[in-house]
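Hi,

Here is the structure I promised to pass on. Have a look at it first, and then read my notes on what turned up.

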Amino acid sequence: MASERMLRFVGREQHYPDKRSADERARDFNEIAARYAQPEADDQASRCSQCGVPYCSVHCPLHNHIPDWLRLTAEGRLREAYELSNATSTMPEICGRICPQDRLCEGNCVIEFSGHGAVTIGSVEKYITDAAWAEGWVEPVHVGPATGQSVAIVGAGPAGLTAAEYLRAEGHEVHVYDRHDRAGGLLTYGIPGFKLEKDVVMRRVDRLAESGIHFHQGFEVGRDATLDELRRRHDAVLIATGVYKAREIKVPGNGAEGVIAALDYLVASNRKGFGDAVPAFDDGTLNAEGKHVVVIGGGDTAMDCVRTAVRQGAKSVKCLYRRDRENMPGSQREVANAEEEGVEFVWLSAPASFAADKHVKEVAVAGMRLGAPDASGRRSPEPDPGRTFDLPADMVIKALGFDPEELPHLFGSPDLSVTRWGTLRVDHQTMMTSLSGVFAAGDIVRGASLVVWGIRDGRDVSEQMSKWLKAKAKSEKKAA
C-alpha cells in the first residue's frame, strides 16, 4: 500500500544532500551541495508524517501542497510530484535552494517538534524540479487566447516574473521593463552562485521569453519613460521593483574609501561570474582579495557578503552583529555554512566609527547587550559601557537592509501614494495603487526582501489584474 511508504521518520534519520568540504567550496561559486539521487530523495520524502493539519504548508507563504508531493516522491511518482509542486509555485527549484526553510516549512514540521528532525523539504523540492528539467517535463507556458490587452511590468524580479507568467497564460500581451541588462532581479544579481547558480535563473527567464513575453532591459522608468507614458501605452501597469536603497549607518568615517554598500559588492561579484567587465571590481574597489573584510549586519544579505568575501580570497572575514546568535534575522544554516568556511562572527557588537586617512583601515567597535524586547519580539540592543575594541579593516561592507526608493519622484508620478515608510500604498483587496490601473506587488509593498513572498504576491496580483482587465474590456465594449 502507498501508505506503507510513509511515516518512516522513526527508523530513518534526517539526511540532507552531502555538502562539499569547506576548503573545496570556498574556492569557487558553485552550489555547495549536489541534489539527491532518486533513492535518497524517495527515502527522505518517506519520513513525512502526513499530518492532518500540515504546519509546513500553513507556514509556507505559497501554501504549497508539501505532504502531497512528498508522498508522490516517496512512491516514485516523480512527474506527478513535480506537477503538484509547480501548481502553486512558478519557481519551485529556486525556492528549494534559497527559501529560509528553517524559519518556514521545515522549522514548523511536526516531526521536528517530536525530536526526529524535520523532513528535508527544500532539498526534495529542489530535487524534483531539477529532475523535471532534466527529463523534459517542464512544459512551455500555455498561452491563452489573445485578449487584445497589454500589461507593463516594472521590475523583473521574483514578483514581476511570476506575474508575467500568469498574465501571459491569460492571453495578455506582457512587457517587462527592468533597469538591469538581465532579468531576474536579486535572483540574478543579488544572490551569489553558491546559493543559486545562474543557469537555474536564466532557464526560467528563457522559458518566459519563449512564451512571447517582451523583455525591455536596461530600461529605467523616469529616464526612458515616465509612469504616465507607460500607462498610456498599456492597459495596466504592475510595479514590482523591489527595495534597493541601502540603509545607511551614521558613524564617523562612513564616507571613507573602502566602506561600501552590500548590493554594490554583490552585483559586482555576480557580474564577474557572468564574465562581464566590471571596472570597480578589476581596480580592487569591490574585490575582497587579500583584504581584512568586516561585514556589518546579521541578515541573509550579510551572510551572502561574508561568504562571497571568503571566495574572493579575503585575508580575514568578520561579521559584526549587534544582537546575539539566537536573535539574528538571518538563516542559522547560512551562519553555520559561513563558520565552516572560516568566517568569524563578532556577536553583540556595533561599529562606533571607521578610522581612515583616505581609505578605511580600522573599525572601532562598541560592545552591545540585550535589553527589553522590541516590537518584533526580539530583545533590543543597547550599548554595553566599557566594552570597546578595534578591528583591522581594508574593506567594510554595510549589509543593514534596504528601503524603498522615492518612486513618485523617480517615476515622475507625484500622484503615486506612498506610506510613511516609503512603500507603495495599495488596496490590499485589489492590490491597486492610488492610480487607476496601476498595481503593485512584492517588496515595494512589503518593504522587506524574501523571494517566496515575492512569488506569492506576483501570483496574487496577476489574479486581481486579470479581473480588472476583464471588467475594463467589458466596460469599453459596452461603451462602444
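Let's start with R223, which is exposed, with a relative accessible area of 52% (buried means under 20% relative accessible area, exposed over 50%, and partly exposed in between, using a 1.4 Å probe and protein chains only). R223 and D224 form a salt bridge, and their closest N and O atoms are 2.7 Å apart. By salt bridge I mean a side-chain nitrogen of Lys or Arg within 4 Å of a carboxyl oxygen of Asp or Glu.

Before going on, a word on where this comes from: it is a predicted model, where local features need pLDDT of at least 70 and side-chain atom pairs count only at pLDDT 80 or more, while totals for chains, interfaces and linings use all residues. Residues are numbered from 1 along each chain as its sequence is written, and side-chain values use heavy atoms, leaving out hydrogens and water.

How many salt bridges does a search of the whole structure find? The search comes up with 46. One of them joins the side chains of R79 and E139, at 3.9 Å from N to O. This pair links distant parts of the chain, 60 residues apart: R79 sits in helix α5 (residues 78–88), and E139 lies in the loop between α8 (121–135) and β1 (150–154). Helices (H or I, at least four residues) and strands (E, at least two) are DSSP runs, numbered from the N terminus. R79 is partly exposed, at 36% relative accessible area, and E139 is partly exposed too, at 37%.

Another salt bridge is the one between D460 and R456, with the closest N and O atoms 3.6 Å apart. Because these two are four residues apart in helix α19 (residues 451–479), about one helical turn separates them. D460 is partly exposed at 24% relative accessibility, and R456 is partly exposed at 21%. There is also a network: K19, R25, R307, R311, E334, E340 and E341 are joined by salt bridges that share partners.

Last, the nonpolar side of things. V53, Y55, V58 and F113 make a nonpolar surface patch of about 400 Å² (patch residues have over 30% relative accessible area and no salt bridge; like charges are joined within 9 Å, nonpolar side chains, meaning Val, Leu, Ile, Met, Phe, Trp and Tyr, within 5 Å; areas come from the Shrake-Rupley method with a 1.4 Å probe, and for residues only the protein chains shown count as cover). V58 belongs to helix α3 (residues 55–58) and is partly exposed, at 47% relative accessibility.

Cheers
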